[in-house]
Amino acid sequence: MNENTETPVTVIGLGLMGRALAGAFLKAGHPTTVWNRTPAKADQLVAEGARLAPTVGDALAAGALTIVCVTDYRAMYELLGASDVDLDGTQLINLTSGDSAQAREAARWAEQRGARYLDGAIMAIPPAIGTAEAVILHSGPQPDFEALEPALGALGTVTYLGADHGLASLYDVAGLAMMWSVLNAWLQGTALLRTAGVDAATYAPFARQIAAGVAEWLPGYAEQIDSGSFPAEVSALETDARAMAHLIEESEAVGVNAELPKLIKAMADRSIAAGHGGEQYPVLIEEFGKPRD
Ligand SMILES: NC(=O)c1ccc[n+]([C@@H]2O[C@H](COP(=O)([O-])OP(=O)(O)OC[C@H]3O[C@@H](n4cnc5c(N)ncnc54)[C@H](OP(=O)(O)O)[C@@H]3O)[C@@H](O)[C@H]2O)c1
């Protein structure tokens, strides 16, 4: 008998990401049931061996785990909160993007209805799903994650962050902050250099080296933040603030946007005014860690 012993899985939501998730499960040999509001989006997956469930309830009953990947949490509630849907005894993994409060609320909501709930965040684009490059973060009850980890491995590099359901979303937005900050810093430098005829491709390798070098500082700076002590081992914040002034002056002189460096300098100036000028750069965590007065 040629019986498939892989975990049966369900994917609800077959947009660009949901189709990639279901496709990766199929490729790994999992019996895969799918459901989508617009059923035609399942055609290719069905041709590849997926089963299209007629209803959300049927889809939930088919899998040992159900991945939900729709536009937003509102869509998830619309789908799973319908009167004919019974969540009791189901194992949900919500990979829909949202914030940490939404994740914690959804966990309470699902658990009240008898479901087990993990929240997740996908740090990848659809073509990467099914490869080690696709990092997928999970938070919620650890035993549930560990039981599902072998099946989830079909999707990429799956990581467990902790019992707090909000953690996956928090890491997700923290990663976005990192990504945009690196890109924005590069764009600022590129705009400056273009005024002297240096094209973006010429600056990119140089910028990459700087970004990689700065990334090396993170573990040591993290120790300063965690210990709450910021001795100026390589440079004091007031020295950095003077360099920020040069960046602003240079930008203005050559007609480049100076909003971003001005914003960061204003934060550094507040920190210096609060008496931290002689400390090292990560002391700015105190400015980042509170709302603007
Ligand atoms: N694409 C990416 O690169 C990427 C990366 C990381 C995370 N994500 C996250 O993954 C989630 C899905 O993204 P996507 O790229 O797959 O988006 P998408 O292509 O726009 O697909 C959206 C999906 O949500 C469904 N949907 C929306 N509102 C619904 C409702 N009220 N009831 C039922 N179904 C509803 C759509 O159904 P219909 O087909 O019927 O419209 C479709 O299946 C989002 O939260 C996104 O932030 C995406």
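Predicted model: local features only at pLDDT ≥ 70, side-chain atom pairs only at ≥ 80, totals over all residues.

Reader: Which residues are the closest to the ligand?
Author: A residue is near a molecule if one of its heavy atoms lies within 4 Å of it. Here the ligand is surrounded by 22 residues, and the closest are Met 17, Asn 36, Thr 38, Lys 41 and Ser 97.

Reader: How do the residues of that shell divide into nonpolar, polar and charged?
Author: Ala, Val, Leu, Ile, Met, Phe, Trp, Tyr, Cys and Pro count as nonpolar, Asp, Glu, Lys and Arg as charged, and the others, Gly among them, as polar. In this shell, eleven are nonpolar, eight polar and three charged. Helices are DSSP runs of H or I with at least four residues, strands are runs of E with at least two, and both are numbered from the N terminus. Helix 1 (16–27) and helix 4 (73–80) each supply at least two residues of the shell.

Reader: Where do N or O atoms of the protein lie by an oxygen atom of the ligand?
Author: A polar contact is a pair of N or O atoms within 3.5 Å; within protein, one must be able to donate a hydrogen and the other to accept it, and residues adjacent in sequence count only if both atoms are side-chain atoms. A backbone N or O atom of Leu 16 is 2.9 Å from a ligand oxygen, and one of Leu 14 is 3.1 Å from a ligand oxygen. From the side chain of Arg 37, an N or O atom lies 2.9 Å from an oxygen atom of the ligand.

Reader: Is His 165 buried or exposed?
Author: Buried means under 20% relative accessible area, exposed over 50%, and partly exposed in between (1.4 Å probe, protein chains only). His 165 counts as buried because its relative accessibility is 11%. His 165 sits in the loop between strand 8 (157–162) and helix 7 (167–194), and a polar atom of its side chain is 2.9 Å from the backbone oxygen of Tyr 117.

Reader: Why does Leu 187 count as partly exposed?
Author: Leu 187, in helix 7, counts as partly exposed because its relative accessibility is 48%.

Reader: And where is Gln 280 found?
Author: Gln 280 is in the loop between helix 10 (259–276) and helix 11 (285–288). Its relative accessible area is 1%, so Gln 280 is buried, and its side chain reaches the backbone nitrogen of Val 234 at 2.8 Å.

Conventions: Residues numbered from 1 in each chain as written. Heavy atoms only, no water.
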